[in-house]
Amino acid sequence: MTTLNTTADELVDKGDLFLDVFPPETDRERALALSHLANAEQSWAVNIALTPIDWRPLLHVLGIVLQRLLPWLVPLTLVVVWQLSSTLGWLSTRVLPAPLSVLDAAWGLAASGELWTHVRISAGRALLGLAVGGGLGLVLGLLTGSVRWLETLLDSTIQMVRNIPALALIPLVILWFGIEESAKLFLISVAVFFPIYINTFHGIRNVDPGLIEMGRTYGLSRWGLYRQIILPGAMSSILVGLRFSLGLMWVILIVAETISAQAGIGYLTMNAREFLQTDVVLVGILLYAALGKLADVFAKGLEKYWLRWHPGYQ
Amino acid sequence: MTQDNTSTGQGGVRVQARALGKSYGKRQVLQGTELLIEPGEFVAIVGRSGCGKSTLLRLVAGLEPATQGELLLDGQAVKGLNDHTRIMFQEARLLPWRRVLDNVALGLPESGKTAAAQVLEQVGLGDRQKEWPARLSGGQRQRVALARALVHKPQLLLLDEPLGALDALTRIEMHELIENLWKTHGFTALLVTHDVQEAVALADRVILIEDGAIALDERIDLARPRSRGDAHFAAIEKRILDRVLQREDPEPSVDTSWISPPAGGLRWAI
């Protein structure tokens, strides 16, 4: 540090020398030159003081890493504590299996192909229910939204039926359909119908009438109006309905599969429960979570694409 | 005022109203309107809000049927919407989910895209074809709306206070643009406005509607392009404004020249 300081002092001296050799013509110039020199001295001093032990960049990077890791700290600690208490025998496998054995079970199921069969069957049920119920909701919502007399005819009935929770129908559904596939399909379809119906109906009703009038004056046919103005105008609302429905779809599927199933994730977990395979039960629960998340990501992607014109989705 | 034959446009249509009337239930909005607009003429309708001027425009557009009298376009009675008539509304009414070029090409076959691009060029937005309407300013949106109207080569352009929501500078720019395009295309133009200065700046004739009837029909014999700083311009504007406000003896304190540019003229930045 001393040596460096000396160098700086030398430099300052040289500056002074410079001033001596080339004396400034005016007072203003002199004042300017002196202030430059003073600045040089100052910045040198700062640099020299910090150069040997400059922790700032390192601390900065460490701070960023910590900030990124902080949200994961609690879940990671929990998993570690969970694993430790299982290993040390504080936690009975009957209550909760160790995280590693859950991973192991998942790996085993995936390797044997059993996992994919059940996921495929469950996802197939859910999507078929969504297609039937959601499709009906969309068509009926479009009809009642666009045709006044159909609204008068159907809407109040639909609004009344809407207040019945889908799960309350279970006893009746078992009587009607037994505990076969059709019962599950019916429950899911009923549940996803209403959010899509209501949001489609309101989406169509809320399309700016000014835009429809404009379309008419610009020579659009009825179909052209529908395709180019009414449907895109209702789209943001329809997608909100879809996201609601996707959430409901998994909940109903889980309940329906837990009651009875010959295959699917629900069957996998209920079967594992019989044999006290808690690790497989946990795999099933985590699978439902993953599928729900996947559906939500998909719906968000649709919004991002179809509503890319909307400042709120950019 | 008819257009000279050198115009490259599609020409205009003759608009004629005979004893035209419109009532909603018991409320008579428009009555006994007699009006003749020559092909290629630019007519402005002024009046206080609720006087029936927008109703007249909607009747001419065919958006609503008249309840009395008749309305003829080139001798043909108006029955509903018409392919030769286009409207510019107070709001731009662009489809927010279509890009600028697709908005202009609305109602055109796929081959209309080139024409749409050309008209966009004419309104000075040739470089914004791929933009979403939400990203445009109010003035730019109205320009897109103007392009959308003009791409259909209308013989009658109806303007329903299209510049009402724009700021003063953008309005003056839009006046010049509309006037130039009108000169080029030669369509008949019918402008509804509550801004007397706008009416005087653009129109061959200014018509005042009061309580559902035509109260004044004045020809504006100013040379184009019209300068708002001009004394003659200001005098006409003041006379019409006084008439609209129903001032019997015009007071000199009514100063409407606050917006006029200095004698040297101003250049408006786009």
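Predicted model: local features only at pLDDT ≥ 70, side-chain atom pairs only at ≥ 80, totals over all residues.
Helix α3 spans residues 113-122 of chain B, and its buried residues are B:Ala116, B:Val119 and B:Leu120. Around the axis they cover an arc of only 105°, so they sit on the same side of α3(B). The spacing fits a general rule. An α-helix has 3.6 residues a turn, so residues three or four places apart point the same way. Just after α3(B) comes B:Gly124, which takes a positive phi of about 80°.

The secondary structure of chain B comprises seven helices and ten strands. Of its 270 residues, 41% count as buried. Among the contacts in chain B with a separation of 6 or more, 70% are accounted for by residues 24 or more positions apart.

Chain A has twelve helices and zero strands. From the N terminus on, its elements run α-α-α-α-α-α-α-α-α-α-α-α. Chain A has 314 residues, and buried residues make up 26% of them. Residues 24 or more positions apart account for 71% of the contacts in chain A with a separation of 6 or more.

Two helices of chain A, α10(A) and α12 (residues 278-306), pack at an angle of about 170°. Their axes are 10 Å apart. Because of this angle, α10(A) is roughly antiparallel to α12(A); the cut-off for that label is an angle over 145 degrees. From α10(A), the contact draws on A:Met235, A:Leu239, A:Leu242, A:Arg243, A:Leu246, A:Trp250 and A:Ile254. The residues from α12(A) include A:Tyr288, A:Leu291, A:Gly292, A:Ala295 and A:Trp306. By class, the contact of α10(A) with α12(A) has twelve nonpolar, one polar and three charged residues.

The largest nonpolar core holds 123 residues. A:Met249 and B:Leu190 touch the most other members. The element that gives the most to this core is α10(A), with 15 residues. Not counting residues up to four places away in sequence, A:Met249 touches A:Ala126, A:Gly129, A:Leu130, A:Ile188, A:Ala191 and A:Val192.

The two chains also meet. In this interface, 13 residues of chain A are in contact with 15 residues of chain B. On the side of chain A that touches chain B, α9 (209-217) and α10 (222-259) each supply at least two residues. Helix α9(A) gives the most, with six residues. By class, this side of chain A has eight nonpolar, three polar and two charged residues.

The peptide bond from B:Arg224 to B:Pro225 is cis, with omega near -5°. B:Pro225 lies in the loop between β10 (213-219) and α7 (231-244) of chain B.

Positive phi values also occur in residues other than glycine. B:Asp74 has a phi near 50°. This residue is placed in the loop between β4 (68-73) and β5 (76-77) of chain B. B:Asp74 counts as partly exposed because it has 14 C-beta neighbours inside 10 Å. B:Asp211 is not a glycine either, and its phi is positive at about 50°. The loop that holds B:Asp211 runs between β9 (205-210) and β10 of chain B. B:Asp211 has 14 C-beta neighbours inside 10 Å, so it counts as partly exposed.

Definitions and conventions. Residues numbered from 1 in each chain as written. Chains lettered and ligands numbered in written order. Helix = DSSP H or I, 4+ residues; strand = E, 2+ residues; numbered from the N terminus. Buried ≥ 20, exposed ≤ 12 C-beta atoms within 10 Å, placed from the backbone. Contact = placed C-beta atoms within 7 Å. Nonpolar A, V, L, I, M, F, W, Y, C, P; charged D, E, K, R; others polar. Arc of directions from axis to C-beta. Core = buried A, V, L, I, M, F, W, Y, C linked by C-beta atoms within 7 Å. Axes fitted to C-alpha atoms, helices over the stretch in contact; angles between N-to-C directions. Parallel < 35°, antiparallel > 145°, perpendicular 65-115°, else oblique.
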